[in-house]
Amino acid sequence: MLETSTLYGLLGIVLASLGLHAVILQTDTLRRVLAINILGVGVFLVFIATAYNGPDAAPDPVPHALVLTGIVVAVAATALALALRRRLESSAEDGDDE
Amino acid sequence: MIDLLSAALIVSGLFFYFAGTIGLLRLPDTLCRLHAVTKADNLGLGLLVFGLVLQLSEPLQILKVLLIWILVLAASAGGGQLIARHVQRDPGERS
Amino acid sequence: MSFDALLILDVLLAALLLMLAIAALHSHSMHQSIILFIVFGLVTALAWARLKAPDVALAEATIGSGVAGALLLAALRDNRSGSAITPSPGRPAWQVLSVTYLVIGLMLTAAWAFLDAHANNSGPRLGGLVQAELANSGVGNPVTAVLLNFRAFDTLLELAVLLAALLGVLLLGPARPAPRPAGPVVTQLVAWLTPLLIVSAGYVLWVGAHAPGGAFQAGALLAAGGIIMRLGGSRYSGLPSGFWMRLIAVGGSGVFLFVGLAAMSGDASLLQYPRDWAGTLILLIEIFATLSIAASLVLVYLGGRPDAWAPDQERGHA
Amino acid sequence: MSELLLIAAMLVGFNLALSLLAMLRQPAASDRMLSAQLLGTNGVGLMLLLAFAQEQTGLIDTALILALLAAVVVIAFTRREPEPRHD
């Protein structure tokens, strides 16, 4: 019998792999940033799936707190990556005058 | 009695949800689809919300659930306008 | 019967997430990819709800889908105004193949490890400890207790990471130019949505002490308000100028660190709050953290140093 | 009653999947935004149903926030033309 936590845990692993694959192989920087975010969600899914204790019991709050932290760090990294990408493009446009 | 009414409202809400999606799948152009989606879906959510509200007793919870519907209505009214304008501005549409 | 319906829902959500991820990663149009990513965030929030993680669902909806989606949409705009991205040739076949096999191998190993760990579910769990100590934490929501009391050091460093990312973005150059003033529909939407976002941020912050919610979700909601003000044509997105903006941006980690150090004045160690004061101190930290998170997220959305970042007296000359 | 809620949640899940298929078939940008809006309404409904079916009142707040963000996202979708003048 397939369990909810097994299903989501395995889904997380597949999503993380899809993300990793795209991070390495895609060439567009924006899409790579997107891929890192999907990789992150996959990892978070594994964490939350291990925290799940069935439909009637309370889940483990520690992985929840970890994932919350992870979501904020992911968005901070995304913002920095996008700013770097913007800088990269503007310097590619202006040549070396900056 | 209240349970029965609640169930009837939820089931009719589901019906309109499906009607909206079928509209999105089957109608010929964007503006028609816009019409179907914004009307049918909000009615669906509205019926669902009223069906669920019947099961609540706390005033704060009731208020929050009703607020959800009002918010979605307003968002979809505004969104419908903006998307229609988007269609008018460039009918060619880049993809 | 009832169990089956939920299992079908789980399978549906899992299939949706897979489809969305593949489509977002490989769709031809970047605009489509970003919309798919935002929808992916929405469905992820539903998955968190199914796994009984409402705090994470709230954070995913506000930060993972909302703010990250807005950041990506803004970055897409850089493409059009900036240099045309050269359509780079695809990778050579040997690279694609070897990376694909490597990733599949990794995936199978991870799946095996996960299933193995899952089958021998006997390792130590911290969850019981959290429940046992919850009464001493000053709050009733176990996730908030972990974040702001038991593992407060991690959260302090997380705010520092956010601050570091903010400084990085600010160093990289000036902000994007503001969008031109919006039409009446957007202006109206922004006008009623912004106060609602501010009120709900306050609500989420307050409710976080005993129910799902907290500083991060509240900060992201406030930031959403700033982002739509910007999209509505407001130049400063509701941010104060100069000195005050900088003070708000560092306020979160500053107050957190101050409270943590002040706790050391007794016999306690860093961030070990006195028991009777814990609830109040956590609320104090969370209020400043919310403002800091909101200001940082809006600033990184602007994409660089806004004019208002400069000290007040310089702004007149610029 | 909870049986009905669970089945309703499952059906909304189906509807969500159908809307996604509709979305992937549409090439035009405005249709994509429209489908995203539909997915948003469905998502809010499903979140509400889960709040009642799993008896987790916290999820009502999440549904409320999702509804708010639906409006935010609509604005973000439609306002993306580049700024012509520099100031």
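**Notes on a predicted four-chain complex**

1. Let me start with confidence, beginning with chain D. Chain D averages a pLDDT of 83, and 90% of its residues score at least 70. The stretch to treat with care is residues 82–87 of chain D, where pLDDT stays under 50. For that stretch the model has nine contacts beyond four places in sequence. Please keep in mind throughout that this is a predicted model.

2. Chain C comes with a mean pLDDT of 86, and 91% of its residues reach 70 or more. For the complex as a whole, the predictor gives an ipTM of 0.92 and a pTM of 0.91.

3. Next, the helix pair in chain D. Helix α2 (residues 29–53) and helix α3 (residues 58–78) of chain D pack at an angle of about 175 degrees, and their axes lie 8 Å apart. An angle over 145 degrees counts as roughly antiparallel, so α2(D) is roughly antiparallel to α3(D). If you want to follow the contact in the viewer, the α2(D) side includes Met33(D), Gln37(D), Gly40(D), Gly43(D) and Val44(D). Facing them from α3(D) are residues including Leu59(D), Ile60(D), Leu66(D), Ala70(D) and Phe77(D). By class, the residues of this contact divide into 14 nonpolar, five polar and no charged.

4. Chain A is simple in its secondary structure: three helices and zero strands, running α-α-α from the N terminus on. What does the radius of gyration say about its overall form? The value for chain A is 18 Å, well over the 13 Å that the globule rule gives for 98 residues, so chain A is more spread out than a compact globule. Along its principal axes, the C-alpha trace spans about 65 × 25 × 10 Å.

5. Buried residues make up 62% of the 98 residues in the chain. Among its contacts with a separation of 6 or more, 49% are between residues 24 or more positions apart.

6. Chain C is also helical, with 12 helices and zero strands. Its C-alpha atoms fill a box of roughly 65 × 65 × 40 Å, taken along the principal axes. Of the 318 residues of chain C, 48% count as buried. Among contacts in chain C between residues at least 6 apart in sequence, 73% join residues at least 24 apart.

7. One residue of chain C that I would look at is Tyr301(C), found in helix α11 (residues 278–302). Is Tyr301(C) buried or exposed? A residue counts as buried if 20 or more other C-beta atoms lie within 10 Å of its own. Tyr301(C) has 23 within that distance, so this residue is buried. Leaving aside residues up to four places away in sequence, Tyr301(C) touches Ala70(C), Leu71(C), Ala74(C), Ile227(C) and Arg230(C). Take Arg230(C) from that list: it sits 71 residues from Tyr301(C) along the chain, yet their C-alpha atoms are separated by 9.4 Å.

8. Now to the interfaces. Which pair of chains has the most contacts among the four pairs that touch? That is chains A and C, whose contact takes 59 residues from chain A and 71 residues from chain C. On the chain A side, α1 (4–25), α2 (29–51) and α3 (61–94) each supply at least two residues. Helix α3(A) gives the most to this side, with 26 residues. By class, the side of chain A that touches chain C has 40 nonpolar, 11 polar and eight charged residues.

9. The contact between chains B and C takes four residues from chain B and four residues from chain C. On the chain B side there are one nonpolar, three polar and no charged residues.

10. Finally, the pairs that stay apart. Chain A and chain B do not touch, and their nearest C-alpha atoms are 17 Å apart. Chain A and chain D do not touch either, with their nearest C-alpha atoms 8 Å apart.

Definitions and conventions: Residues are numbered from 1 along each chain as its sequence is written. Chains are lettered from A and ligands numbered from 1 in the order in which they are written. This is a predicted model: local features need pLDDT of at least 70, side-chain atom pairs count only at pLDDT 80 or more; totals for chains, interfaces and linings use all residues. Two residues are in contact if their C-beta atoms, placed from the backbone, lie within 7 Å. Ala, Val, Leu, Ile, Met, Phe, Trp, Tyr, Cys and Pro count as nonpolar, Asp, Glu, Lys and Arg as charged, and the others, Gly among them, as polar. Helices (H or I, at least four residues) and strands (E, at least two) are DSSP runs, numbered from the N terminus. A residue is buried if 20 or more other C-beta atoms lie within 10 Å of its own, exposed if 12 or fewer, and partly exposed in between; C-beta atoms are placed from the backbone. Axes are lines fitted to C-alpha atoms, for helices over the stretch in contact, and angles run from 0 to 180 degrees between N-to-C directions. Angles under 35 degrees count as roughly parallel, over 145 as roughly antiparallel, 65 to 115 as roughly perpendicular and the rest as oblique. The radius of gyration is taken over C-alpha atoms; the globule rule is 2.2 Å times the number of residues to the power 0.38. pLDDT is the predictor's confidence in each residue, from 0 to 100.
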